[in-house]
Amino acid sequence: MKKTILGFLVASSLMMTSCLEDIATDLVGTYPFNELYEIDQTGAFEESRTLSVADVTDEIDFDGEVKSVGVNSVKILVTVNSGNTAESVDLFANITSGGISYDLFTKTVDLTSFTVGQEQEFILNPELNPAAVTLFTLKVKEIINGTFDVNEQFTISVGGDTNPGNSTIKATVRLMIDSECVYTTN
Amino acid sequence: MKNNYLKLIMSSLILICVIPFSSVQAQTLDDYITRYTGENGPGYIKPAVESISSNMNSGWYRSAKIKKLRPQFYLGVVVMGAFIPEDNKTFRATTEGDFSPRQTVDAPTIVGSGESVTISGDGGTTYTFPGGADINFIPLAAPQLTLGSVFGTDVSVRYVTAPIGGEIGDVTLSGFGIRHSVSQYLPDLFPVDIAINYNNSTAEVGDIMKVKSWIAGVQGSYSIKILNVYGGFAYEKGNADINYTSSEGTNIDFNIDTNANMRATLGLCLNMGPVKLNTDYSIGAQNVLTVGFGIGI
């Protein structure tokens with residue numbers, strides 16, 4: 001009887017495990033770039049962040065070889081601070097790495113409708129430069145897969161110029177790049 | 001690495017199916033659910049819920065013969081496997097978040113193709129729907145005890161529990177069933193035993209997920225020496241409640257209703273003294289193959 005029961009359980013186990021055999025599956029994780037740029041400047045300005053490998057890998061929520069990286073959306077959250085005299089700002093974001101540089105977007109933000117401390121969101125997908133998106137995704141993929149050359153700095157900047165030109169901008173700009181990482185598990 | 005409760009939910013769903021035999025695949029399956037915390041979540045998970053529900057509604061009987069008043073029992077293990085139909089492999093998924101323009105496409109469900117589906121949006125953006133586990137068959141196993149009979153009625157229970165660790169707690173599968181003989185009201189010359197049944201099953205993962213299902217029907221059986229041919233028609237339904245707060249503070253609340261379905265079952269039971277070996281096949285929303293082994297009188 002014991003043999004019969006054991007045989008039945010083993011057969012059942014084999015049936016089950018064979019149904020759940022390892023299969024390569026494309027899964028999707030995220031890498032959310034989220035940086036706050038403090039701006040207190042008269043005229044043109046540019047604030048930069050250089051990303052380290054850890055800055056990226058600490059933010060991802062998966063393990064596995066990345067097949068591709070894509071950007072789902074880019075947006076900025078702008079807050080005007082006390083003392084701001086700029087009526088508008090011509091904003092841009094820039095992606096630079098390995099001697100290659102592209103503006104991710106340019107956007108004129110009218111600040112006259114802002115109240116101090118109020119945050120306004122601008123989703124910028126239609127204004128994105130595909131070349132900058134490609135550079136960003138390429139570098140994120142290299143970092144996650146461990147092929148990034150650390151001598152090639154990976155820098156994301158936010159800059160702009162105020163209108164009128166001699167006015168002072170006192171604001172914070174939060175740049176959010178929601179990216180997806182397609183990875184395979186088996 | 002961040003915790004992701006939803007990933008644990010799906011692995012727990014699968015773990016429910018393999019509690020008695022295997023934990024090999026659970027860790028791998030942890031990764032499947034990351035993408036679907038929003039409106040696409042129910043559509044992605046639903047086929048697995050239907051499989052678990054169909055499985056839980058299977059294997060409850062191997063004969064419709066219930067004496068009017070006589071000690072009867074069955075103690076055994078029931079192994080069920082739901083076959084995933086092709087139309088459960090994809091669902092209509094819609095892009096989420098700030099991706100634009102919003103698009104709806106056919107994407108793999110949790111049991112669908114392993115290949116992801118990527119679409120293009122404004123300004124070089126992309127949106128990817130993940131692949132599934134490419135599963136054609138989801139198994140479930142449970143011990144079962146049936147006791148009777150009083151006034152032509154018997155009751156069955158199933159129960160199995162296993163800790164899965166972490167903050168989730170235990171995975172528990174439980175079930176209850178009652179049957180009542182119709183044959184006792186029919187003339188003795190009627191050759192087929194007939195009974196009606198109602199069964200209710202629950203699979204719980206800690207306090208964050210509960211899959212419930214029920215089935216009610218009529219069953220019949222006919223004995224030829226040591227062989228028992230049995231079958232029946234039934235109506236079944238299931239649902240799942242998923243409610244948790246992610247580590248990022250997002251509250252996720254899914255309620256997934258499976259479609260109400262009819263099912264037909266046909267099976268054979270070999271009675272070798274007290275030892276009973278049976279197999280049956282059910283045709284319904286998801287077809288289910290059942291194998292049972294136990295002892296009883």
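On the surface, Phe73(B), Leu75(B), Leu147(B), Val155(B), Val157(B), Phe176(B), Ile178(B), Tyr198(B), Ile295(B) and Ile297(B) form a nonpolar patch with about 800 Å² of accessible area together. This is a predicted model, in which local features need pLDDT of at least 70 and side-chain atom pairs count only at pLDDT 80 or more, while totals for chains, interfaces and linings use all residues. Residues are numbered from 1 along each chain as its sequence is written, and side-chain values use heavy atoms, with hydrogens and water left out.

**Nonpolar patch**
- Patch residues have over 30% relative accessible area and no salt bridge, and nonpolar side chains (Val, Leu, Ile, Met, Phe, Trp, Tyr) are joined within 5 Å.
- In chain B, strand 1 (69-83), strand 7 (153-163) and strand 8 (170-181) each supply at least two residues of the patch.
- Val157(B), which lies in strand 7 of chain B, is partly exposed, with a relative accessible area of 38%.

**Cavities**
- The structure holds four cavities of 30 Å³ or more, and the largest cavity has a volume of about 150 Å³.
- Among the 17 residues that line the largest cavity, Asn57(B), Tyr61(B), Ile215(B), Arg263(B) and Thr265(B) are the closest to its centre.

**Loop residue Gln153(A)**
- Gln153(A) is found in the loop between helix 3 (130-145) and strand 7 (154-163) of chain A.
- The C-alpha atoms of Gln153(A) and Leu51(A) are separated by 7.5 Å, although these residues are 102 residues apart along the chain.
- Not counting residues up to four places away in sequence, Gln153(A) touches Thr50(A), Thr96(A), Ser97(A), Gly98(A) and Phe148(A), where contact means heavy atoms within 4.5 Å.

Methods: Chains are lettered from A and ligands numbered from 1 in the order in which they are written. Patches are made of residues with over 30% relative accessible area and no salt bridge: like charges are joined within 9 Å, nonpolar side chains (Val, Leu, Ile, Met, Phe, Trp, Tyr) within 5 Å. Accessible areas come from the Shrake-Rupley method with a 1.4 Å probe; for residues, only the protein chains shown count as cover. A salt bridge is a side-chain nitrogen of Lys or Arg within 4 Å of a carboxyl oxygen of Asp or Glu. Helices (H or I, at least four residues) and strands (E, at least two) are DSSP runs, numbered from the N terminus. Buried means under 20% relative accessible area, exposed over 50%, partly exposed in between (1.4 Å probe, protein chains only). On a 1 Å grid over the protein atoms alone, a cavity is a set of points where a 1.4 Å probe fits but cannot get out, and a pocket is an open set with protein on both sides within 12 Å along at least five of seven lines; lining residues have an atom within 4 Å of a point. Grid points are joined across faces, edges and corners, and a volume is the space filled by probe spheres set on the points.
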